[in-house]
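The sequence and structure come next.

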Amino acid sequence: MLTQTTTRVLEPSDLGAALAILESEPVANAFVTSRVQVAGLDPWRLGGEMWGWYADGRLRSLCYAGANLVPICAGPEAVRAFADRARRAGRRCSSIVGPAEPTALLWRLLEPGWGPAREVRANQPLMVTESPSAEIAPDPLVRRIRKDETEILMPACVAMFTEEVGISPLAGDGGLLYQARVAELIGAGRSFARIDDGKVVFKAEIGAATTQACQIQGVWVAPEHRGKGLSETGMAAVLRYALADVAPIVSLYVNDYNAPARKAYRRVGFRETGTFMSVLF
């Protein structure tokens, strides 16, 4: 039987249908869902387009096309349709990221025209928890960052980003967009750190948050304090805040080769439930 399919840019009137798809997988889709819940589907407010793939007149899959290209609930046919649209539009994103299987297919289709990538991280375990471990006590010195502490926090944020991504967030626009994002998370009460003698020792943010799930990102320990267990006690503290104040499920994803971090997160109470993939340009 033939199936009628089409792909188009979604409009604000498609919000309900798009949210139904996003909320069907609340953990995997937390990043995009959080943006859509705040900004809707207007490209200017959303920071990118939302593409929809339809089969037999029904919206089945999505792809967020902004600073990141993110396939959402996308099977092979939808991924191929999104790849065709992405090829026609040309690369505008700095990364492709999402669940490993559709992201890998999307990259295979786009690599001939978009490649080579600066780095491909094909196996990033997705870790989830609904409750903290009793094994690790939260660091009582980890707390929410105040707006007047932005300048204290910023060097740690820049160091974390540069170490993790391989380029400085201050490149290009001088860091204006990155500084605005850091300030946004502080203002929302989703930036946490331990500050000793005016310097950040540990930090992390709740980068995406919905009523169903949230995602921790930007975990960093100052180099001179590594190996002391601060990532575990610090994460236990952030996890306590997240579960109490933000959402009933907390997630993060980590590079597969970062064995110490994976071990630390497991001790704090996280378990691996899936795999993400990132392609960095």
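## Overall build

The chain holds 9 helices and 12 strands (DSSP runs, H or I of at least four residues for helices and E of at least two for strands, numbered from the N terminus). Its radius of gyration is 19 Å, close to the 19 Å that the globule rule gives for 281 residues, so the chain is as compact as a globular protein of that length. That radius is taken over C-alpha atoms, and the rule is 2.2 Å times the number of residues to the power 0.38.

The model is predicted: local features need pLDDT of at least 70, side-chain atom pairs count only at pLDDT 80 or more, and totals for chains, interfaces and linings use all residues. Residues are numbered from 1 along each chain as its sequence is written, and side-chain values use heavy atoms, with hydrogens and water left out.

Some values for the chain as a whole are given below.

| Property | Value |
|---|---|
| Box filled by C-alpha atoms, along the principal axes | roughly 65 × 40 × 35 Å |
| Accessible surface (Shrake-Rupley, 1.4 Å probe) | about 13,400 Å² |
| Share of that surface from carbon and sulfur atoms | 53% |
| Buried residues (under 20% relative accessible area, 1.4 Å probe, protein chains only) | 49% of 281 residues |

Among contacts (heavy atoms within 4.5 Å) with a separation of 6 or more, 68% join residues 24 or more positions apart.

## Helix H9

Helix H9 spans residues 259-268, and its buried residues are Ala 261, Arg 262, Ala 264, Tyr 265 and Val 268. Seen down the axis of H9, these residues fall within an arc of 165°, so they line one face of the helix; the arc is that of the directions from the helix axis to the C-beta atoms. Pro 260 and Lys 263 are exposed on the face turned away from the buried side, exposed being over 50% relative accessible area.

The cover over the buried residues of H9 includes helix H8 (230-245) and the strands E6 (119-129), E10 (214-221), E11 (250-253) and E12 (271-280). After H9 comes Gly 269, with a positive phi near 130°.

## Ser 191 in strand E8

Strand E8 covers residues 191-196 and contains Ser 191. Ser 191 is buried, with a relative accessible area of 2%. Leaving aside neighbours within four places in sequence, Ser 191 is in contact with Arg 143, Arg 144, Ile 145, Leu 153, Leu 185, Ile 186, Ala 204 and Glu 205. Lys 203 lies 12 residues from Ser 191 along the chain, and their C-alpha atoms are 7.7 Å apart.
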